[in-house]
Amino acid sequence: MAVEVLKSRGVPEDRILFLNLIASPEGITNFAAKFPRLKVVTAFIDEGLDEKNYIVPGLGDFGDRFYTI
């Protein structure tokens with residue numbers, strides 16, 4: 001959605017840099033098909049997605065562990 005907002009405000013796709021921590025090959029393929037001129041930088045590409053579309057092996061419940069006091 002962030003990319004759509006930037007584009008709707010007139011930012012050319014080739015001037016957008018999308019940074020993320022972890023991605024799946026399927027996600028990168030889908031994202032690149034939707035935004036072919038956008039630059040993507042990711043720290044790590046995991047093996048793929050499981051039957052629930054979770055990244056394998058992924059970070060597990062990282063958010064639950066990170067934000068739990």
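On a 1 Å grid over the protein atoms alone, a pocket is an open set of points where a 1.4 Å probe fits, with protein on both sides within 12 Å along at least five of seven lines. Its volume is the space filled by probe spheres set on the points, which are joined across faces, edges and corners.

The structure is a predicted model, in which local features need pLDDT of at least 70 and side-chain atom pairs count only at pLDDT 80 or more, while totals for chains, interfaces and linings use all residues. Residues are numbered from 1 along each chain as its sequence is written, and side-chain values use heavy atoms, with hydrogens and water left out.

The chain contains three helices and four strands, taken as DSSP runs (H or I of at least four residues for helices, E of at least two for strands) numbered from the N terminus. From that terminus on, the order is α-β-α-β-β-β-α. Of the 69 residues in the chain, 13% are buried, that is, under 20% relative accessible area with a 1.4 Å probe and protein chains only.

The largest pocket has a volume of about 150 Å³. Among the residues lining this pocket are F18, I22, F31 and V40, where a lining residue has an atom within 4 Å of a point. Strand β1 and helix α2 (25-34) each supply at least two residues of the lining.

Strand β1 spans residues 17-23 and includes L19. L19 counts as exposed because its relative accessibility is 57%, and exposed means over 50%.
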